[in-house]
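Q: Please walk me through how to read a few features of a model.

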Amino acid sequence: MTNDAFRSDTAAARTGRLFGVGLGPGDPELVTVKAARLIGAADVVAYHAARHGRSNARAIAAGYLREGQIEEALIYPVTTETTDHPGGYQGAIDEFYTASAARLAAHLDAGRDVVVLAEGDPFFYGSYMHMHKRLSGRYETAVVPGVTSVSAASAVLGRPLMERDEVLTVLPGTLEPKELAARLATTDSAAVMKLGRTFEGVREALEQAGRLDDAWYVERATTDRERSAPLRDVDPATVPYFSLALLPSPAATAFTADAGPARAAGLDVLLAPPAAGTAVPDTGMVSLEEANAAAMSRIETAGRAGGVTVVGLGPGGRHWLTPEAQEALADADDLIGYGPYVDRVPPNPRQRRHPSDNRVEAERAAFALDLAKRGRRVAVVSSGDPGVFAMAAAVLEVAEDPQWLDVPVRIIPGLTAAQAVASRAGAPLGHDFCILSLSDRLKPWSVIESRLAAAAAADLVIAVYNPASKTRREQLVRALELLRAHRHPGTPVVVGRDVGGPEESVRITTLAALDPAGVDMRCLLIIGSSQTRAVTRGDGTTAVYTPRHYPD
């Protein structure tokens with residue numbers, strides 16, 4: 001059945017139209033005029049995203065959206081991880097596509113026009129095609145092509161894809177290395193998509209095919225996070241999904257002889273290395289190897305602005321690190337932070353690591369800002385959330401200095417220790433709560449005492465950071481005396497130690513029974529309010545929670 005069958009006046013009045021709109025590789029200025037017009041006019045804008053909820057396609061289209069539009073975020077149930085779906089990975093994905101199509105169909109049936117955003121081109125490894133297959137037979141549809149990542153990568157490198165009668169082959173990196181190598185060996189130029197976790201297999205295939213020296217790597221072409229380099233020099237640990245390998249036109253490559261990146265960095269280059277034993281005249285030019293090495297070194301910093309990103313690592317294990325934080329860490333040239341926190345980031349030989357003592361926050365911030373001012377991408381790491389008793393405030397305070405006012409500073413949130421401990425116990429932070437630190441290193445005890453008294457009198461649940469240390473034992477004793485004057489002795493207390501770490505322990509006790517001797521700097525306390533309850537579950541465990549309602 002053709003779309004024309006649905007284009008009568010009666011049908012048009014009943015159903016909306018479906019548009020698959022290509023947005024190009026990342027630069028919003030590469031969105032076509034038609035795509036921009038359709039996005040702005042649509043009743044519904046839909047886009048696919050992984051479970052973290054962020055969508056590259058929506059980010060590209062953000063400037064073309066208008067207020068009042070309905071947004072449909074189509075969140076994948078799985079990406080590369082395993083699933084317990086009875087149909088396996090493919091079953092979970094097929095079910096998701098069917099459910100997503102049904103959501104869009106509900107809008108179309110109501111007469112609303114739907115635009116599905118697609119990074120690159122909708123029919124070039126795009127998610128939109130799965131909506132198109134399920135809906136195009138029932139509704140009027142149109143596809144707006146977009147600039148592909150392959151075209152963008154070619155433009156970034158300044159290298160043609162093919163010339164005259166050369167053949168370009170586009171291949172998925174998910175092919176087995178042996179099959180990929182066979183295909184690469186029989187084509188002139190090629191683009192290999194879907195890198196990320198497949199990168200090492202793609203590199204192996206290029207080497208088997210004898211094409212590794214010709215291959216280039218391009219990441220996030222046309223965006224502010226764009227990166228390109230000879231593929232053999234790329235660290236696999238740094239490769240995201242949104243990258244590709246490119247074998248440019250052999251004819252064009254022979255002519256340009258790798259002069260592109262070196263000239264971009266301001267160097268004159270010998271177009272081909274001299275034969276062995278050949279004397280090279282002193283013309284002020286440099287050899288090909290020297291040019292490329294110098295060019296890549298300059299491109300690392302000169303081709304992009306530096307900045308400081310303060311990254312929250314969460315309270316412990318890597319599984320609590322957010323995707324945004326992982327991306328920021330992978331993107332960094334330098335890692336700065338308290339030594340044990342820097343140690344939590346897997347080593348990467350591309351990056352410089354600068355661990356320091358925990359009592360030099362201002363100096364650490366100044367060092368980070370100075371590196372960024374010189375063009376480095378700096379990640380300052382904090383445990384938990386960097387904005388909660390951590391490095392974000394220190395960096396922003398030091399950044400007020402006029403010499404660093406123009407250095408970009410970005411904060412990446414992390415899961416806090418309070419949230420982590422609360423989740424292990426149940427939901428003690430289910431109603432109003434506050435967070436206090438008992439450390440009097442940066443504020444006087446009189447301030448801490450007055451705030452504790454106010455929070456206790458207000459019947460707030462209190463999460464207590466830095467409750468005690470080797471040299472600071474008396475503060476917790478005094479804090480408990482104050483709290484016991486306001487709270488019932490049976491008030492539930494959660495003691496979490498090293499939650500998320502290898503020595504994790506969580507104890508549930510009462511305010512009367514809490515022994516300060518069992519608390520140290522690695523602990524976090526949650527003191528319940530008058531409404532907080534400790535309930536024994538059917539399996540014998542205790543759950544602590546604070547109801548969301550409060551008695552009149």
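Predicted model: local features only at pLDDT ≥ 70, side-chain atom pairs only at ≥ 80, totals over all residues.

A: Residues are numbered from 1 along each chain as its sequence is written, and side-chain values use heavy atoms, with hydrogens and water left out.

Q: At what angle do helix 4 and helix 5 pack?
A: Helices (H or I, at least four residues) and strands (E, at least two) are DSSP runs, numbered from the N terminus. Axes are lines fitted to C-alpha atoms, for helices over the stretch in contact, and angles run from 0 to 180 degrees between N-to-C directions. Here helix 4 (residues 88-109) meets helix 5 (residues 128-135) at about 65 degrees, axes 9 Å apart.

Q: Which residues make the contact?
A: Contact means heavy atoms within 4.5 Å. Helix 4 contributes residues including Tyr 97, Ala 101 and Leu 104; helix 5 contributes, among them, Met 131 and Arg 134.

Q: How many disulfides does the structure hold?
A: A disulfide is a covalent bond between the sulfur atoms of two cysteines. The cut-off is a pair of cysteine sulfur atoms within 2.5 Å. The structure holds zero.

Q: Is Cys 523 buried or exposed?
A: Buried means under 20% relative accessible area, exposed over 50%, partly exposed in between (1.4 Å probe, protein chains only). Cys 523 is buried because its relative accessibility is 5%. Cys 434, at 16%, also counts as buried.

Q: In what order do the three strands of the open sheet run?
A: Two strands pair if DSSP finds at least two bridges between them. The order is 16-23-22, with mixed pairing. Strand 16 (426-427) and strand 22 (533-536) are edges with a single partner strand each, so one side of each lacks a neighbour in the sheet. Strand 16 pairs with strand 23 (residues 542-545) in the parallel sense, over two bridges. Gly 426 sits opposite Val 544 of strand 23.
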